[in-house]
Amino acid sequence: MISRRERAAWGFVAPSLIAIAIFFVIPVVSSLLLSLTDFDIYALADLGNMRFVGLQNYERLLTNPLFWQAMKNTVWFSVLGVPLAIGASLAAAVILNARTIKWRPVWRVMFFAPYVTTLVATAVLWNYLLHTRYGVINWALTSVGLPAVDWLGNPDTSIPAILIFVVWKIFGYNMLIFLAVLQTVPDDLYEAARIDGAGPWARFTNVTLPAIAPTLLLVSIISVAGFFQLFAEPYVMTQGGPAQSTVTVLYFMYEEGFKWWNLGSASAVAFILFLCIFAVTMVQLAVSRRLGGDHT
Amino acid sequence: MIDRRAALGLMAGASLAGCGRNDGITRLSFWAMGNEATHAPQILPAFEAANPGIKVVVQPLPWTAAHQKLLTAYAGASLPDVSQIGNTWVAELAAIGALSPTPAFADDLLQDQFPAVLETNRIGGRAMATPWYVDTRLIYLRTDLLARAGFDAMPVTWAEWKRAMHAVKRVAGDGNFAILLPVNEFEQLLTFGLQGDQPLLRDEDTRGNFSSESFRAALAFYKSLFDEGLAPLASAAQISNVWTEFARGYFSFYFSGPWTIGDMKSRLPAEIQPHWTTAGVPGTTGPGASAPGGSSLAVFRSSPHQDAAWKLVRYLSDPAVQARFNVITGDLPARPSAWAAPKVASDPYVTAFNGQLARARAVPKVPEWERIVTEMQIVAERMVRGEFTVQQAGAEIDRRADRLLEKRRWMIEQGRAA
Amino acid sequence: MKPRVILLNVGVALIGLIVLFPLLWMLSVSFMSTGEAAVFPPPLLPGRWTLEHYRDLFVNQGMGRYMWNSFALATLATGLALAFTVPAGYAFAKLTFKGRDRLFQLLIGALVIPAQIGTLPLFLMLKSIGLVNTYAGALVPWLASIFGLFLVRQYALSIPDEMLEAARIDGASEGQIFRRIVLPTLTPILVTLGLFVFLGSWNDFLWPLIILTDQSNYTLPVALAALSREHVQDIELMMAGAVITVAPVLILFLALQRFYIRGMLAGSVKG
């Protein structure tokens with residue numbers, strides 16, 4: 001017999017678990033099923049127009065240059081974006097952690113503020129900051145004698161341009177996490193290193209880095225997953241252009257699904273995206289386990 | 001300080017939340033795009049005055065999002081009662097059963113129409129939407145720069161036109177170009193493609209025909225305009241203000257439809273006003289063709305207000321109303337009899353459209369068309385960026401079109417599609 | 001030593017400037033008259049201050065409506081998310097029931113799955129029960145927040161068992177214990193989670209973009225994205241729209257930043 005306390009416990013968890021089952025688990029599983037059909041706008045009108053097509057959606061995706069382009073772009077976003085964002089976060093955290101910094105709480109909040117702003121609104125804003133002819137960024141470049149850059153108009157610079165915006169927006173988040181960890185590093189360690197004659201760089205690599213290595217890894221896993229899910233940035237800033245250079249996997253899924261209503265094929269994209277994120281997470285977890293083993 | 005009007009607007013917005021009021025008034029939701037959405041409210045009061053039980057609520061959509069929004073609304077069962085739709089979307093919306101065909105009592109609306117335009121609205125022999133205004137694209141040009149370059153009229157063949165473009169670019173000076181062909185818009189290349197004698201799709205419109213000799217010629221011409229520095233490699237979003245740039249001479253030829261007449265008149269500075277005009281599209285050997293465009297009025301099957309909706313369509317199709325709307329928007333009336341109205345007939349910018357409409361050539365009526373031309377433009381943009389040769393681009397467009405048409409081939413085999 | 005200190009502080013101030021400049025520029029441009037910002041070099045301050053764009057947004061573009069939608073949805077999402085996740089989070093931390101640990105392991109595992117995977121079937125599901133283009137449809141994902149459950153559990157673990165046992169000995173029912181002891185203890189994390197959900201819902205884009213198909217239901221981000229396609233060249237108008245969208249969340253965050261940052265660190269470092 002179930003005890004009174006256990007009944008109460010089920011009462012507490014049931015609403016949440018039911019919601020998770022209906023609105024999360026079932027859709028995720030059906031996504032896999034949907035990806036095996038050619039569900040499209042005709043099927044939306046009449047289910048009789050839907051065919052079970054096996055793995056055809058996957059086959060077609062793998063031979064679709066735009067899908068590969070989206071994959072390539074997404075990988076580029078992550079490969080460039082993760083180190084850039086984490087580097088910026090770490091640099092800001094290390095500087096802010098210096099004892100001689102005044103008004104630290106103010107800076108902390110200020111650096112973090114872009115993170116909570118509305119992505120769409122700030123993306124619109126950066127669209128203008130990055131404007132080729134009237135943008136503030138090109139004005140800054142040209143006033144120090146550098147050539148103006150066609151940031152969002154040139155396929156070679158569109159990804160870096162969006163990344164500048166993304167780094168501005170998110171670096172404060174990981175900075176706070178690094179800062180919290182750095183504050184747990186005892187000052188004695190730095191003192192000892194200083195007495196041993198270590199310069200700032202040596203202190204960073206010998207004291208700071210080892211202290212934050214586990215966090216660094218965790219943060220990079222989360223960041224990769226985050227960069228794999230870029231959507232609103234290209235949607236607002238470039239609509240995937242120029243020359244599809246900023247079409248990300250999620251953007252591709254959105255267009256396939258909700259612009260052209262090929263829900264079958266879009267589900268296949270979603271599933272591939274999931275596999276990618278899952279694989280990256282597994283690799284990083286394995287690495288972290290090995291690193292963790294080294295430390296003990 | 002936000003004034004009282006703004007505060008009222010805010011409150012009005014909030015109170016709209018309680019839609020579906022039951023006060024005996026039929027609220028017709030009417031979606032319109034761009035220019036038409038801006039100006040439709042000016043002609044609707046007369047309709048509401050004549051039909052006291054009907055109130056029309058206009059919702060504006062940006063053109064770039066309109067097609068997608070209609071499909072989304074169909075999927076979400078939130079279609080309006082009536083909408084302006086692009087002519088080329090009729091087949092698709094009809095295929096999914098969203099449109100209400102013209103009922104018998106409104107048959108007379110199909111009289112007094114341009115046959116080629118009406119044909120694009122007919123699917124399987126039934127009119128699925130009613131032409132509202134017609135348009136076709138032609139060239140807007142800077143006559144002063146053309147004259148300074150030594151041309152006193154718009155050339156009518158591609159070869160001559162290109163010569164003119166080179167001359168204009170020299171006159172306009174460094175950093176400027178001759179023509180604006182936004183690389184994210186398919187209409188320009190499509191117009192070039194229509195100059196050829198071969199159809200764009202083959203085998204009962206179930207396969208692409210973009211490797212045909214005539215389409216390859218169009219691709220080559222399109223590409224050469226970029227290669228020779230006559231057109232900037234830019235998308236529409238990068239030209240922050242078309243009218244300012246046109247006035248500055250950043251480009252002197254601009255592809256657009258009749259809606260731009262109004263914009264040119266209101267947005268160009270006074271000193272440029274005498275120096276622009278409209279002209280027909282050049283062809284390979286003489287005056288060229290272009291696609292019969294325009295918008296139709298669609299009544300959706302899901303609308304519970306069919307009678308009121310058709311009343312609105314009837315009102316907007318009235319030649320007198322269309323003539324008035326032409327004066328406000330520059331839209332060319334769908335009813336030929338409206339063209340006789342003095343204010344329409346006397347507009348010098350409109351005359352070029354007369355000739356261009358006579359040379360209109362229909363595009364294939366398949367639901368996938370919108371997507372095919374989108375893919376065509378994606379490939380074309382890559383071609384001008386140097387990723388494809390003309391030959392490869394034609395083959396690539398064919399490949400993509402064939403893939404998009406696979407379902408259509410299956411549905412035809414199954415007898416599920418017309 | 002002294003120059004190094006100055007250098008560091010100047011460096012921090014410089015980062016501060018880079019971080020803050022875009023937001024200040026946005027505010028400044030929103031007060032410029034039409035066309036003023038589209039010149040080179042870009043002006044930093046309005047030549048003539050005007051509120052015309054704010055007026056235009058509210059009077060002609062229906063901004064009031066979108067703001068109301070955003071506000072209503074964010075508030076409802078916050079209430080619902082708390083109602084669903086807080087009891088569950090507490091139960092996973094402090095009550096024992098069969099399969100609790102296995103279930104929790106499963107939920108943790110599911111954190112890896114991005115919610116976007118289920119977007120398409122969820123849309124079809126909601127369509128079949130008529131929830132597309134409704135507030136209810138827009139709110140659904142906030143009910144199924146595994147992260148919120150996890151956050152509450154982490155915090156609830158710190159509630160001393162003795163306190164709960166004492167109440168049980170006094171004859172309090174589990175519901176009474178939850179209301180009288182657990183909820184007050186959890187207040188800080190409730191504020192944090194509420195803040196997360198409110199900001200999350202306010203800033204959310206993909207799901208409202210898909211599910212809210214009619215303009216009258218748009219939230220601010222969706223409306224702003226649509227507006228920006230129509231009014232690319234109207235920089236000043238768009239900046240006013242961005243200010244309206246960003247200001248409420250920024251102010252809310254600044255007012256409650258302690259709760260936000262503490263909760264964020266609790267959620268991520270321990271994870």
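For the helix pairs discussed below, axes are lines fitted to C-alpha atoms over the stretch in contact, and angles run from 0 to 180 degrees between N-to-C directions. The model is predicted. With that convention, α3(C) and helix α9 (residues 174–203) of chain C pack at about 140 degrees, and their axes are 8 Å apart. Angles over 145 degrees count as roughly antiparallel, and the pair α3(C) and α9(C) is therefore classed as oblique. The crossing of these two helices, α3(C) and α9(C), is right-handed.

The residues at this crossing can be listed from each side. From α3(C) come Ser70(C), Leu73(C), Ala74(C), Ala77(C), Thr78(C), Ala81(C), Leu82(C), Val86(C), Pro87(C) and Tyr90(C). By class, the contact of α3(C) with α9(C) holds 16 nonpolar and four polar residues, with no charged residue.

Helix α3 (residues 63–94) of chain C also packs on helix α6 (residues 135–143) of chain C, at an angle of about 40 degrees and with 9 Å between the axes. Roughly parallel would need an angle under 35 degrees; α3(C) and α6(C) are therefore oblique to each other. The crossing of α3(C) and α6(C) is right-handed. On the α3(C) side the contact is made by Ala72(C), Leu73(C), Leu76(C), Ala77(C), Leu80(C), Ala81(C) and Phe84(C). Their partners in α6(C) are Tyr135(C), Ala138(C), Leu139(C), Trp142(C) and Leu143(C). The contact of α3(C) with α6(C) has 12 nonpolar residues and neither polar nor charged ones.

Read along the sequence, chain C runs α-α-α-α-α-α-α-α-α-α-α-α-α. The radius of gyration of chain C is 23 Å, well over the 18 Å that the globule rule gives for 271 residues, so chain C is more spread out than a compact globule. The C-alpha trace of chain C spans about 75 × 70 × 30 Å along its principal axes.

An unreviewed UniProt entry places the feature "transmembrane region" at residues 7–27, 66–91, 103–123, 135–156, 177–199 and 237–256 of chain C. Two of these spans can be checked against the model. Residues 135–156 of chain C are 91% helix and 0% strand, with end C-alpha atoms 31 Å apart. Residues 237–256 of chain C are 95% helix and 0% strand, with end C-alpha atoms 30 Å apart. UniProt, again in an unreviewed entry, gives "domain: ABC transmembrane type-1" for residues 67–256 of chain C. Over residues 67–256 of chain C the model has 77% helix and 0% strand, and the end C-alpha atoms are 21 Å apart.

Chain A has 13 helices and zero strands. Its pattern along the sequence is α-α-α-α-α-α-α-α-α-α-α-α-α, and the C-alpha atoms of chain A fill a box of roughly 80 × 70 × 35 Å along the principal axes. The contact between chain A and chain C takes 70 residues from chain A and 72 residues from chain C. On the side of chain A that touches chain C, the largest share, 19 residues, comes from helix α1 (residues 4–34) of chain A. The residues on that side of chain A divide into 54 nonpolar, 12 polar and four charged.

Chain B has 18 helices and 14 strands. For its 418 residues a compact globule would have a radius of gyration near 22 Å, and the 22 Å of chain B agrees with this. The C-alpha trace of chain B spans about 65 × 60 × 45 Å along its principal axes.

Two backbone details remain. Most residues other than glycine have a negative phi, and most peptide bonds are trans. Phe40(C) and Pro41(C) are joined by a cis peptide bond with omega of about -5 degrees. Pro41(C) sits in the loop between α1 (2–30) and α2 (52–59) of chain C. In chain A, Gln239(A) is not a glycine but has a positive phi of about 50 degrees. Gln239(A) lies in the loop between α11 (232–237) and α12 (249–259) of chain A.

Notes. Residues are numbered from 1 along each chain as its sequence is written. Chains are lettered from A and ligands numbered from 1 in the order in which they are written. This is a predicted model: local features need pLDDT of at least 70, side-chain atom pairs count only at pLDDT 80 or more; totals for chains, interfaces and linings use all residues. Two residues are in contact if their C-beta atoms, placed from the backbone, lie within 7 Å. Helices (H or I, at least four residues) and strands (E, at least two) are DSSP runs, numbered from the N terminus. Ala, Val, Leu, Ile, Met, Phe, Trp, Tyr, Cys and Pro count as nonpolar, Asp, Glu, Lys and Arg as charged, and the others, Gly among them, as polar. Angles under 35 degrees count as roughly parallel, over 145 as roughly antiparallel, 65 to 115 as roughly perpendicular and the rest as oblique. A crossing is left-handed if the near helix is turned anticlockwise from the far one by less than a right angle, and right-handed if clockwise. UniProt positions are given in the numbering used here, feature names are shortened, and annotations may be inferred rather than shown by experiment. The radius of gyration is taken over C-alpha atoms; the globule rule is 2.2 Å times the number of residues to the power 0.38.
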